[in-house]
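Me: I have a model open and want to go through some side-chain details. Can you take my questions as they come?
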Amino acid sequence: QVKLAESGGGSVQAGGSLRLSCQAPEYIGRIGRSYCMGWFRQAQGKEREGVASTYPGGDGTYYAASVKGRFTISLDNDKNTLSLEMNDLKPEDTAMYYCAAKRPPCVETLLAGTYSSWGQGTQVTVSS
């Protein structure tokens, strides 16, 4: 397992933007080159759902239908950082957002149960 740490959450009005970041402070090397990584969210009273994922090295990205075209997942291997750029935010995007990682093979990358490493989450709140 890898220790992950998210940052960048906050409160915005509908239509606004936020950028989330995820790092692995104790990992030696470029985590993005070795792990499948993803962003998940969990709204109060709901199950955790996949938002976006990427293959090692950033080759190959996947998005949930609800965020496609609004959210962008990216890897900065030099900074060893996974990011999630969120635009045109909606109240239904309100949730705790989590970064996750797993070793390949990168299958079912939007399925939370397939990931072994998780961050503690960062809250995103979107008001109407």
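Me: How many aromatic pairs does the structure hold?
Reply: The structure holds six aromatic pairs. Rings of Phe, Tyr and Trp (its six-membered ring) pair if their centres lie within 6.5 Å; planes under 30 degrees apart count as stacked, over 60 as edge-to-face and the rest as tilted. This is a predicted model, where local features need pLDDT of at least 70 and side-chain atom pairs count only at pLDDT 80 or more, while totals for chains, interfaces and linings use all residues. Residues are numbered from 1 along each chain as its sequence is written, and side-chain values use heavy atoms, with hydrogens and water left out.

Me: Why is the pair of tyrosine 27 and tyrosine 35 edge-to-face?
Reply: The planes of tyrosine 27 and tyrosine 35 are at 85 degrees, with ring centres 5.7 Å apart, so the pair is edge-to-face.

Me: Is tyrosine 35 buried or exposed?
Reply: Tyrosine 35 is buried, at 8% relative accessibility. Buried means under 20% relative accessible area, exposed over 50%, partly exposed in between (1.4 Å probe, protein chains only).

Me: And what about tyrosine 55 and tyrosine 62?
Reply: That aromatic pair is tilted, with 45 degrees between the planes and 5.6 Å centre to centre. Tyrosine 55 is partly exposed at 29%, and tyrosine 62 is partly exposed at 39%.

Me: Which residues form the aromatic cluster?
Reply: Phe40, Tyr98, Tyr115 and Trp118 form one cluster. Arginine 48 lies over the face of tyrosine 98, 3.8 Å from the ring centre. The charged end of arginine 48 also sits over the ring of tryptophan 118, 4.7 Å from its centre. For this, NZ of Lys or CZ of Arg has to be within 6 Å of the ring centre and within 35 degrees of the ring normal.

Me: Changing topic. How many disulfides are there?
Reply: A search of the whole structure finds two disulfides, a disulfide being a pair of cysteine sulfur atoms within 2.5 Å. Cysteine 22 is bonded to cysteine 99, with the sulfur atoms 2.0 Å apart. Cysteine 22 is in strand E3 and cysteine 99 in strand E9, 77 residues apart. Strands (E, at least two residues) and helices (H or I, at least four) are DSSP runs, numbered from the N terminus.

Me: What about cysteine 36 and cysteine 106?
Reply: They are joined by a disulfide, S to S 1.9 Å. The torsion about their S-S bond is about -90 degrees, so this disulfide is left-handed. Cysteine 36 is buried at 0%, and cysteine 106 is buried at 14%.
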